[in-house]
Amino acid sequence: MSDLSDADLVARVARGDRAAMQALYGRHATAVYRFLVRILRDASRAEDLVSDVFFDVWQQAGRYEGRASVTTWLLSIARFKALSALRARSHAELEPEAAEAVPDEADTPETVLQKAGKAEALRRCIAGLSAEHRMVVDLVYYHERSVEEVAQVLAIPAGTVKTRLFHARKRLSELLLAAGIDRGWP
């Protein structure tokens, strides 16, 4: 199965080929999981949704039209699952014990830099971006998707992706500067 393209694997999955499904899962589960973790910020929920994403792939592989890469298609499914999960979670009440367990993250920029290295500071700054900007940065820089692929995943025009990316970079630069990291940071 390793010599088959992703599109060929999806076609075989559509015909009920379990080995093709295992191969597709093996190729993409980690990327889908990482994408979901960045959106949800909850590793256990992301694991559950990876299963949901690939269950949908199993059921709907015949609907794959090939207009986007298989990775883009999978990330689109994952994004919709994550957004649905976030909407559902926002309606759930927070238990008092859980509310007390939520850590106070009101550290100063100096404290953040003392606690963690530059990579951690960057992750915190990325977390400070809006959800739309964070998602675009994640897809472009962590998943190495093109502007066109990001547009397909997010179901928005490519121009909007470029605009969000511009504003995300600008805001990230401001956040990094406020954290004591200048633009010349390696």
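In the predicted model, Ala155 is exposed, with a relative accessible area of 58%. This residue lies in the loop between H9 and helix H10 (158-178), and its phi is near 55°, a positive value in a residue other than glycine. A positive phi near 55° is likewise computed for Glu144, again not a glycine. Glu144 is placed in the loop between H8 and helix H9 (147-154). Its side of the chain is open to solvent by the criterion applied, as Glu144 is exposed with a relative accessible area of 66%.

A straight helix of 23 residues would span 33 Å at 1.5 Å a residue, whereas the end C-alpha atoms of H2 are separated by only 29 Å. A kink of about 50° occurs in H2 and is centred on His28. His28 is itself buried, and the buried residues of H2 also include Leu24, Val32, Phe35 and Ile39. An α-helix has 3.6 residues a turn, so residues three or four places apart point the same way.

H2 (18-40) also contributes at least two residues to the lining of the largest pocket, as do helix H7 (118-127) and helix H8 (131-142). This pocket has a volume of about 450 Å³. Of its 13 lining residues, Arg38, Arg41, Arg123, Ala127 and Arg134 are the closest to the centre. The greatest contribution to the lining comes from H7, with five residues. In terms of residue class, the lining comprises eight charged, five nonpolar and no polar residues. Both domain 1 (1-105) and domain 2 (108-185) supply at least three residues each to the lining.

How values were computed:
Residues are numbered from 1 along each chain as its sequence is written. This is a predicted model: local features need pLDDT of at least 70, side-chain atom pairs count only at pLDDT 80 or more; totals for chains, interfaces and linings use all residues. Side-chain values use heavy atoms; hydrogens and water are left out. On a 1 Å grid over the protein atoms alone, a cavity is a set of points where a 1.4 Å probe fits but cannot get out, and a pocket is an open set with protein on both sides within 12 Å along at least five of seven lines; lining residues have an atom within 4 Å of a point. Grid points are joined across faces, edges and corners, and a volume is the space filled by probe spheres set on the points. Helices (H or I, at least four residues) and strands (E, at least two) are DSSP runs, numbered from the N terminus. Ala, Val, Leu, Ile, Met, Phe, Trp, Tyr, Cys and Pro count as nonpolar, Asp, Glu, Lys and Arg as charged, and the others, Gly among them, as polar. Domain bounds come from an automatic or database domain assignment. The expected span of a helix is 1.5 Å times one less than its number of residues. The bend at a residue is the angle between axes fitted to the seven residues ending there and the seven starting there. Buried means under 20% relative accessible area, exposed over 50%, partly exposed in between (1.4 Å probe, protein chains only).
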